[in-house]
Amino acid sequence: MTHVPERPESSARESWSLLLRALRPKASAGQVLVGVLCALLGFALVTQVRHTHASGLSALRQSDLVRLLEETTDRSRELRSRVAELERTRDELASGTNQQQAALEAATARAGTQGILSGRLPAVGPGVRLTLSDPSRVLTASTYVTILTELRNAGAEAVQVDGQRVTAETFFLDGPDGVLVDGVLVQNPTSWHVIGDPHTISQALEIPGGALALVRSQGASSTLTTSEQVEVTATRTVPELRFATPVESG
Amino acid sequence: MIALLGLALGIVAGLLFEPTVPVGLQPYLPIAVIAALDALFGGLRARLDGIFDDKVFVVSFLSNVVLAALIVFLGDQLGVGSQLSTAVVVVLGIRIFSNAAAIRRHLFKA
């Protein structure tokens, strides 16, 4: 059927006339039957075309639908596990950030406290101002030490004497012209800035037989004022430790 | 002429009635249509070869359609329905092309 040899006498013109002749209506039973079949074909063709256009999934056969469903289910399971994974990562990152934030805040607070205690940072807060007027320079270093001890006992947190920050390393020395604080001669009058509980500190200094009584007994005078806003602006650099290292606490 | 008229009539009827394909027929209708198209082209070629016969056309048309549907049905039962319908479409497509080529040679000598 596929390779019928062409008859040599059929030319193009003959073929066309053959086609035209075939188009001439001949109302034989066979022709009508062929027409009916062709009508059926046209009908089925249009129906199928419309059906294919109208329906998406409903035109697929059952096995295709099952495969499609499985693929979709697999994909959604995959995506869901991915979502869970990403959420876990996000939570981890968020909690990590929180922990770091908390650690940073704690470290900052600790650094502030230790900076004030070691004299590394300027400080401000309620406290007292003490002015010692000693024109004849009768006060000795031991008196200064007494005052400082009294202040520390009263809970003073930051102390400054004439622009010198007073810390654990501060020393008072009797010099030829007067008392030296960390090697610097105090002025007259000498001003102390002390941050701490104003009431407790003033009580401690004024106690009978206490520090200010000692000052007065030596012939100098003192002025004590409490304030809600005392500034300790002097700082000192903390030396690098050469021998001591912190013990790691478990 | 009657065949052409019938074809046009069928197309118009399909457009007018907008029939829905029964679910049971859905896998077979496209194959049947392809088979019928093959028969149609075969008939046209036979006409140009001068060996057309009404009876042969009717029988080949019907047997083509039924056989194609039967093959796809069998494939569905065996679980290779989609592959087998692809195979049928390929074979029928090749036949349609060779018939069309023969018709073209007849009409245009090329």
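Let's start with one residue: A:Thr146 is partly exposed, with a relative accessible area of 29%. On this scale, buried means under 20% relative accessible area, exposed means over 50%, and partly exposed lies in between, using a 1.4 Å probe and protein chains only. The model is predicted, so local features need pLDDT of at least 70 and side-chain atom pairs count only at pLDDT 80 or more, while totals for chains, interfaces and linings use all residues. Residues are numbered from 1 along each chain as its sequence is written, chains are lettered from A and ligands numbered from 1 in the order in which they are written, and side-chain values use heavy atoms, with hydrogens and water left out.

A:Thr146 sits in helix H4 of chain A. Helices (H or I, at least four residues) and strands (E, at least two) are DSSP runs, numbered from the N terminus. Leaving aside neighbours within four places in sequence, A:Thr146 is in contact with A:Ala211 and A:Leu214, where contact means heavy atoms within 4.5 Å. The C-alpha atoms of A:Thr146 and A:Leu212 are separated by 9.4 Å, although the two residues are 66 residues apart along the chain.

Now step back to chain A as a whole. It has 6 helices and 8 strands, running α-α-α-β-α-β-β-β-β-β-β-α-α-β from the N terminus on. Of its 250 residues, 30% count as buried. Among contacts in chain A with a separation of 6 or more, 77% are between residues 24 or more positions apart.

Leaving aside neighbours within four places in sequence, the contacts of A:Trp192 include A:Val128, A:Tyr144, A:Ile147, A:Leu151, A:Val159 and A:Phe172.

How do the helices pack? The axes of H4(A) and H5(A) come within 9 Å and cross at roughly 140°; axes are lines fitted to C-alpha atoms, for helices over the stretch in contact, and angles run from 0 to 180 degrees between N-to-C directions. That makes H4(A) oblique to H5(A), since angles under 35 degrees count as roughly parallel, over 145 as roughly antiparallel, 65 to 115 as roughly perpendicular and the rest as oblique. Here A:Ile147, A:Glu150 and A:Leu151 in H4(A) meet A:Ile201, A:Ala204 and A:Leu205 in H5(A).

Chain B has 4 helices and 0 strands, and buried residues make up 39% of its 110 residues. The axes of helix H2 (residues 29–49) and helix H4 (residues 81–108) of chain B come within 9 Å and cross at roughly 20°. That makes H2(B) roughly parallel to H4(B).
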